[in-house]
Amino acid sequence: MPDSQPIKKYRYHLFSWIMLTPGLIFLGLFLLVPFVLLLVISFRDVDGFMNMLPTYSFAQYVEVFTSKFYVRMIGTTLWVALVTTAICILLAYPAAYLLVRAPGKGVRTMLYVFLVSPLLTSVVIRTFAWIVLLAQNGLVNEVLLKLHLITEPLSLLWNMKAVIIAYVQVMLPFAVLPIATSLGEIDPRLRQASMSLGAGRLRTFFRVTLPLTIPGMMSGAIIVFSLAAGSYITPLLVGGRLQPLLPLAIYQQVLQVANLPLGAAMSMTLLVLVGVLVAVMGWLLRLWEGRMNG
Amino acid sequence: MEPTTGNVYIGGRDLTGLPPYRRDIGMVFQNYALFPHLSVFDNVAYGLKIRKMSKADIARRVEECLAAVRLESFAGRMPHQLSGGQQQRVAIARALAIRPKVLLLDEPLSNLDAKLRKEMQTELRSLQRRIGITTILVTHDQEEALSLSDRIGILGEGELQQLGTPLEVYRRPANRFVAEFIGQVNLIEVKAAADADAPSGTRAFYAEWHRLASGSPLVLHAADHPSLDGKDTALFMLRPERVRLSAEPRDGAANANGAEIRVESVSYAGSTLRIAGVLPGGGELVALAGDPSFPSLPEPGRTMYAHWEPGDLIPLE
């Protein structure tokens, strides 16, 4: 019965659409609608008391892109996210290597649990731990003072270094997992082949293993970069509210200054910038994978 | 992996303790293990770049090696753009590029389907002849081993069972393991029969399990062999293709061996016909006949007569 085939297919499609409906409604209501609202608001004008006027213009975007303060802030935000991404990938690689080469399944499972367990606690709690460590009367300063290595407590908190340190700690697992996955997928015989051709362990690593894990590093970088460019809780807690980071500025515009259109315009700017950078990274990743697998 | 005993020498050089990257062995892996991120050219050039050869020398050597496997025009392709057979040739070219003393092929044809495997066997043999490099090929396919090699080493139970030419290994297997491993075989346990008369150049034996309708043991005449001296029992190998079958009993020479069998099963494989039968008093016998031997397939249950020459009975250790 060749005729029943399209009907079956159609029914199957209908069924999956019905199953998808609740999720789609939820996403539509709480993601798409707010997004469109944000876009619309970003073009609204405000009066001197930050009340929204019924007129539309590019005024908010002009403000974002002409103010030296905001332009530099955009640069800082992307730079901090980039540095965080680089450190995360660098630190994640050995961890992923250890994870994949772990002797026995039990040890590997245990290492995975260690790796993922920080994700089970909230970002706020993990960030607060850094305050406990880095504060003027925190653990690090206390120990250094007791050892007489310093005479006055160092100011370790409320600067960009503290933000990057906390970012790296919070986001490291997101870099380790994709790298570990791509490391685990490498055929061990490729390493053996490299050695049989005369390459030692180090050269085998740089010529075979490392290039083959580029996809994992790229996926990790995409996740860490977009997280680091967009989070505000961590910088707020360990960096203070004066750090020149776009997410912090958005938070202040919306909740403290109550200039919703400017906040919306900054949000859209951040979204588009991160989107473009992630798209470029994704395109490079596809290019590399296409070269290898067609 | 650490060897438990013994040493590995290639051309007088002891390789036993050397790490893999110092061994200078051209290795071709079962799944070819081509580097997926490198082009065919860069795959073949890999070992040369490690050896820090000049760019011009590398280009020349790679071209040479790709020509040897007839893939000159594929240098710019990526491994995934090649067929299985082509990938294997690239793997061979890559191994040859470093000018190894020995080429090691680890089950190179086991991933290919039967028809392609036959083609690649021929290709591999002519390639090896052309290049003239000592090649060790690991295989589980006995036919492949017989048709490709000059010498076969049979490994079993952690030991080298026999080392010999294909002819020696097939016709004069050193022991029961080798006999059963290479090809099909009838094994006949016998006791010396001093009382039975044996024509000159042969010895007479009573089969242990192969018996006539009367229950008395089948009498076998085997060609004389020094290994049979002074032995009460022996084990003979009889290759199925040495057993000839006829519909009527044949009055042969006095030293001919013969037995009546009842056909149990017949399997037709096109060029050959495998007939398994049992003797009336017990004991199995398998015969392999060429397709033209019978106008129609013998039916199971029918009685036939098997016979073979004394020289066809090969004593095993």
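**Close-up views of a predicted two-chain model**

**View 1. An open sheet in chain B.** Five strands of chain B make up this open sheet, in the order β12-β16-β13-β14-β15, and their pairing is antiparallel. The model shown here and in the other views is predicted. Two strands sit at the edges, β12 (244-246) and β15 (284-290) of chain B, and each of them pairs on one side only. On average, neighbouring strands of the sheet are turned by 45° against each other, direction ignored.

**View 2. Strands β13 and β14 of chain B.** β13 (residues 257-268) and β14 (residues 272-278) of chain B pair over six bridges, in the antiparallel sense. S267(B) stands opposite R274(B), a residue of β14(B). Strands of a sheet pair through backbone hydrogen bonds.

**View 3. Two packed helices in chain A.** Helix α3 (residues 68-101) of chain A packs with helix α7 (residues 160-184) of chain A. Their axes are 6 Å apart, at an angle of about 45°. α3(A) and α7(A) are therefore oblique to each other. Their crossing is right-handed. The contact of α3(A) with α7(A) has 25 nonpolar residues, two polar and no charged.

**View 4. Where chain B touches chain A.** Here 18 residues of chain B are in contact with 19 residues of chain A. On the chain B side, β3 (25-28) and α1 (40-50) each supply at least two residues. α1(B) gives the largest share of that side, three residues. By class, the side of chain B that touches chain A has 12 nonpolar residues, five polar and one charged.

Conventions
Residues are numbered from 1 along each chain as its sequence is written. Chains are lettered from A and ligands numbered from 1 in the order in which they are written. This is a predicted model: local features need pLDDT of at least 70, side-chain atom pairs count only at pLDDT 80 or more; totals for chains, interfaces and linings use all residues. Axes are lines fitted to C-alpha atoms, for helices over the stretch in contact, and angles run from 0 to 180 degrees between N-to-C directions. Helices (H or I, at least four residues) and strands (E, at least two) are DSSP runs, numbered from the N terminus. Angles under 35 degrees count as roughly parallel, over 145 as roughly antiparallel, 65 to 115 as roughly perpendicular and the rest as oblique. A crossing is left-handed if the near helix is turned anticlockwise from the far one by less than a right angle, and right-handed if clockwise. Ala, Val, Leu, Ile, Met, Phe, Trp, Tyr, Cys and Pro count as nonpolar, Asp, Glu, Lys and Arg as charged, and the others, Gly among them, as polar. Two residues are in contact if their C-beta atoms, placed from the backbone, lie within 7 Å. Two strands pair if DSSP finds at least two bridges between them.
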